[in-house]
Amino acid sequence: MASRYFLLSAGLLALVFTAALASDSSPLQDFCVADASSQVVVNGLACKDPKTVQANDFSASGLHMAGNTSNPVGSKVTPLTAAQIPGLNTLGISLARIDYAPSGINPPHTHPRASEILLVLKGSLEVGFVTSSPDNRQITKVLQKGDVFVFPVGLIHYQKNVGNGNAIAIAALSSQNPGVITIANAVFGSKPDIASDILVKAFQVDKNVITNVQSKF
Ligand SMILES: *[C@@H]1O[C@H](CO)[C@@H](O)[C@H](O)[C@H]1NC(C)=O
């Protein structure tokens, strides 16, 4: 009986512990403004002396400015993470502005550490994400100005501007350092390259196709 009770308790504890680790850890102080000069390597960034913290540590400017979308994908992400706002360190949230040229895409990518909620401020976006294997179901929708859409943590997702003019979106993310893995760049543009025979089998195409795609990243 006692051991069954112990197992149950241990199981519950494990569940609680897992839930607590499912997002960035809760801060143990009001704030831990990142000290960019610290050499200490921790899970996050070392804290500045709270007495030296200023309003600007919690602030950023310029998000009213359009990103430069003159690039092959026709979009630009302007992130505001703990790297840009030191005061975000340990708080588990961040923000990004995304600009899209007509027909521009934010290519398929994933955030290893964050779910995302995207708000369309201007234009019209086709958005989607793909569920895990083996289903790999694509969940997709066309959004208009004022619409929001959620991309669950870790899942591959994308946006495409399907309106006539430029489009703008704001994304909020559940990590101060969400990370991004852009699928094409990571798979075909790694340094050094993933061996082409591996990609030939993975994608079931000829080697010249792989070499051609690799040459673009
Ligand atoms: C936008 O980026 C392109 C390509 O890098 C560059 O040629 C152009 O000068 C940039 N435009 C502005 C306004 O910065």
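This is a predicted model: local features need pLDDT of at least 70, side-chain atom pairs count only at pLDDT 80 or more; totals for chains, interfaces and linings use all residues.

Trainee: Okay, helices α3 and α4: at what angle do they pack?
Mentor: Helix α3 covers residues 196-203 and helix α4 covers residues 207-215, and they pack at an angle of about 110°. Their axes are 9 Å apart.

Trainee: So how are α3 and α4 oriented to each other, then?
Mentor: With that angle, α3 and α4 are therefore roughly perpendicular to each other.

Trainee: And is the crossing of α3 and α4 left-handed or right-handed?
Mentor: That crossing is right-handed.

Trainee: Which residues meet there?
Mentor: From α3 you have S196, L199, V200 and F203, and they meet K207, I210 and Q214 of α4. Sorted by class, the contact has four nonpolar residues, two polar ones and one charged one.

Trainee: Nice. New topic: how much space lies in the largest pocket?
Mentor: The largest pocket holds about 700 Å³ of space. It is lined by 30 residues, and the closest to its centre are V77, N106, P107, V180 and T182.

Trainee: Which elements give two or more residues to that lining?
Mentor: Those are the strands β1 (75-80), β2 (94-100), β3 (105-110) and β9 (167-173), along with helix α2 (183-188).

Trainee: Which one gives the largest share?
Mentor: That's β3, with five residues in the lining.

Trainee: Last one: what classes of residue make up the lining?
Mentor: There are 17 nonpolar residues, ten polar and three charged.

How values were computed:
Residues are numbered from 1 along each chain as its sequence is written. Side-chain values use heavy atoms; hydrogens and water are left out. Axes are lines fitted to C-alpha atoms, for helices over the stretch in contact, and angles run from 0 to 180 degrees between N-to-C directions. Helices (H or I, at least four residues) and strands (E, at least two) are DSSP runs, numbered from the N terminus. Angles under 35 degrees count as roughly parallel, over 145 as roughly antiparallel, 65 to 115 as roughly perpendicular and the rest as oblique. A crossing is left-handed if the near helix is turned anticlockwise from the far one by less than a right angle, and right-handed if clockwise. Contact means heavy atoms within 4.5 Å. Ala, Val, Leu, Ile, Met, Phe, Trp, Tyr, Cys and Pro count as nonpolar, Asp, Glu, Lys and Arg as charged, and the others, Gly among them, as polar. On a 1 Å grid over the protein atoms alone, a cavity is a set of points where a 1.4 Å probe fits but cannot get out, and a pocket is an open set with protein on both sides within 12 Å along at least five of seven lines; lining residues have an atom within 4 Å of a point. Grid points are joined across faces, edges and corners, and a volume is the space filled by probe spheres set on the points.
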